[in-house]
Amino acid sequence: MEIYTGVPVSPGVAIGRVFLLETEERSVPERHVPAAEIDAELDRLDAALSEAREGLSGLLNASGVNTEMSAIFSTHDMVLQDPKLRDELVATVKDCQVSAEFAVARFFDGLVERFQQLEDQYFAQRASDMRDIERRVLRALLGDRQRKIADLSEPVVIAAHDLTPSQTANLDGGRTLAFLSEVGGPTSHTAIIARSMGMPAVVGLGDITQRLEDGTVVIVDGNRGQVIVDPDPAQIRRYEQILVGDERRRQELDRVRDYPAETRDGHVIRLMGNIEVPSDVTSVIEAGGDGVGLFRTEFLYVEGKPPPTEEDHVDAYVAALRQLGGRPLTIRTFDFGADKVTPDPNAAREPNPFLGSRSLRLCLERPGLFMPQLRAIVRASGYGAVRCLFPMVSGLEDLRRAKAMLEKARVSLRTEGHYVAEDLPVGVMIEIPSAAIVSDLVVEEVDFLSIGTNDLIQYTLAVDRVNERVAYLYQPAHPALLRLITQVVKAGIDAGRPVSLCGEMAGDPLYTILLLGMGLREFSVSARAIPAVKQVIRRITVEQSREATAWCATATSHEDVLARLRESLGELVPSLV
Ligand code: PEP
Ligand code: MG
C-alpha cells in the first residue's frame, strides 16, 4: 500500500482498477505485451500506420493546402510507406514483447538523435518532420487504446502522465470511474472536463504511473487529493462507506432540480451551464439549468481531422439550440491555444503560450479561421436565443476589432440573401486583468459581461492554471481577486447590463454566498454543479449574502475569507461543507 498526494480537482471517491493511458506528449513508457497478444498488437500497429496515412491523404486533399505543404505531407507519407519502417517496428514488438507505441517511440527517438547529431540546419528540420510523423502514428495508437476501454468488462480508473483536453473529452463517462494524472492544475481543461463528467480526479501526482500497471487497484480520493495504491481491506471498507454517503447526498441534491434558482427573499438567479459539445446540453437541462452561459467551441476542432466548416458550425449551434427550446445559448468564439486545443498542432511552440498569440488574438490575425465561425454564429441566431461571447479581450481596441469582424459577417450574409436576425447580443469574457480594470468602459460597448475567473486568477496572481507546483497559490479567494470581481459586477450594475461568472469558481457552492453578496445574478457552471449551487441559492437571503461578502471584503488573506465562507455554508447546507 502506498499513498500519493496531489491536487484534488474533482470531488468524490472511486475504488477500481487502473487503465494506463500513454500520451504522445512525453516519452512512452515500456508496456510489456504477453506472447499470446503479440499478433493483436501487430494488427494495432498496421491499423495505426494506415490511419496515419489516411490522415495525411485527408490533409493533402483539403482545400487551402499550398505546394509547399503538399510536398511536406507527401514526404511524410513516403516515410510511412517505407517497408523498412514497418519491418523494424514489427521486429521490436516481437523480439522485445513490447507495445506498438513503445516500438514507434523507440524507432523515432533513434532516428531523431541521428539527425540531430549531424548539426546541420537541414537535418535539424528533418528531425522535427520525424517527430511529426511519430506523433501522427502515436495519436492513432493512443486513440485505439482509448477505444479499447469500451471492451473492458468493468469501468476503470484512467491513469496518465497528462491527458490532452480532447482525450479527456473522449473518455466514456460510463466506463470511467475516476481519473488521475502526474501533472496539471485545478482549472486545467482536463480538470474542468473531469468535473463536468462528475468523475473524481486528482492531478499533480508526481511519478505515480511508474508505480502502476493495468489492473492495479487504487482508491482515488478527489476530496482530499489522495490516491491509495494497493489499499488494504480496511481502507476499502472505509471508502465504501464514504461512497454510500456521497450517493445519499447526490439524491438529496437531485430533489432541487425542478425548483427555481430563487433566494429565500425572492431574487431570481439565472443559473446556466457550461458546455464543450452540443450534446452536453442534455445534462444542463436535466440538472435544471436555465440555458448555456458558455459554449467552449474550440472543441469542435479535433486534432488530426480537417477543420470544421461554416456548415459544421451552424449544425453544431442549431443542434444545441433545438435542445435548449428557447433558453439562451452563449457561443464563445474560439479560445485556442495554451491549455486548449490549437488549430496548428505542428506550429512552433511559443515561449509563453498563455501570453502569446492565442484565442481572440489568433482569430483576429487569421480571418480565414475566424470568419466561418462568425458567419455561423450570425446564421444560428436566426434559430434561437444566441449570444456571442468574445474571449481574451484585453480592452476596447481588440473588442472593437472583433465587433467589426462580426459586423462584416452580418453584412456579407445579408448581401448573400441570408436571413440575419436583428438581435444578436454581444458580450466579452472578463478574464484579463486589464479588461477588469476598464470594465466600466468595456461594458458600454457590449450587451453583457461574463467573468472568466479561471484565467482572471492566473493572470492576476501570475499563477499558471495547469502547473501543479504552484497550484497552492491559485486562490479564487485572494483579496485582489475579490476586489476585481466586485469592480466588474459593479460596472455591469451601473450600466444596467447583465454580468455572469462562468469560471470554475461559480460552480463551487462555497463561493455562491460571496458572489451573490457582490450583486452577481447570473452563474454559468458545469452541469454537475448546478444542483449544489441552486441549493445554496434557495436557502439564503440576499441580505445574508451581503453580510458575508462585506465581512470578506475586509479580510486580509484568502484563508480568512475561506474560513468565513465555510462557516456560512455550514449553517445553510451542512452536507456541502
Ligand atoms: C475562464 O477562463 O474562467 C473560463 C471560463 O474559460 P476557460 O476555462 O475556457 O479558459
Ligand atoms: Mg478563459
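Where is the place of A338?

Reply: This is a predicted model. In it, A338 sits in the loop between β11 (329-332) and α11 (359-365). Its backbone deserves a look. Phi of A338 is near 55°, a positive value, and A338 is not a glycine. Most residues other than glycine have a negative phi. Next, take the surface. The relative accessibility of A338 is 31%. Buried would need under 20%, and exposed would need over 50%. A338 therefore counts as partly exposed.

D230 is not a glycine, yet it has a positive phi of about 50°. D230 also lies in a loop, the one between β8 (226-229) and α8 (233-254). With a relative accessible area of 34%, D230 is partly exposed.

Among the buried residues are P509, Y511 and M518. The cover over them includes α17 (479-495), β15 (499-501) and α21 (558-572).

One last stop is the magnesium ion (ligand 2). Its protein donors are E431 (OE) and D455 (OD), lying 2.0 to 2.1 Å from it. E431 lies in the loop between β13 (426-430) and α14 (433-437), while D455 is in helix α16 (residues 453-461), so the pair ties together parts 24 residues apart in sequence. Both E431 and D455 are buried.

Note on methods. Residues are numbered from 1 along each chain as its sequence is written. Chains are lettered from A and ligands numbered from 1 in the order in which they are written. This is a predicted model: local features need pLDDT of at least 70, side-chain atom pairs count only at pLDDT 80 or more; totals for chains, interfaces and linings use all residues. Side-chain values use heavy atoms; hydrogens and water are left out. Helices (H or I, at least four residues) and strands (E, at least two) are DSSP runs, numbered from the N terminus. Buried means under 20% relative accessible area, exposed over 50%, partly exposed in between (1.4 Å probe, protein chains only). Donors are N, O and S atoms within 2.8 Å of the metal (3.2 Å for Na, K and Ca); water is not among the atoms, so sites may look incomplete. Contact means heavy atoms within 4.5 Å.
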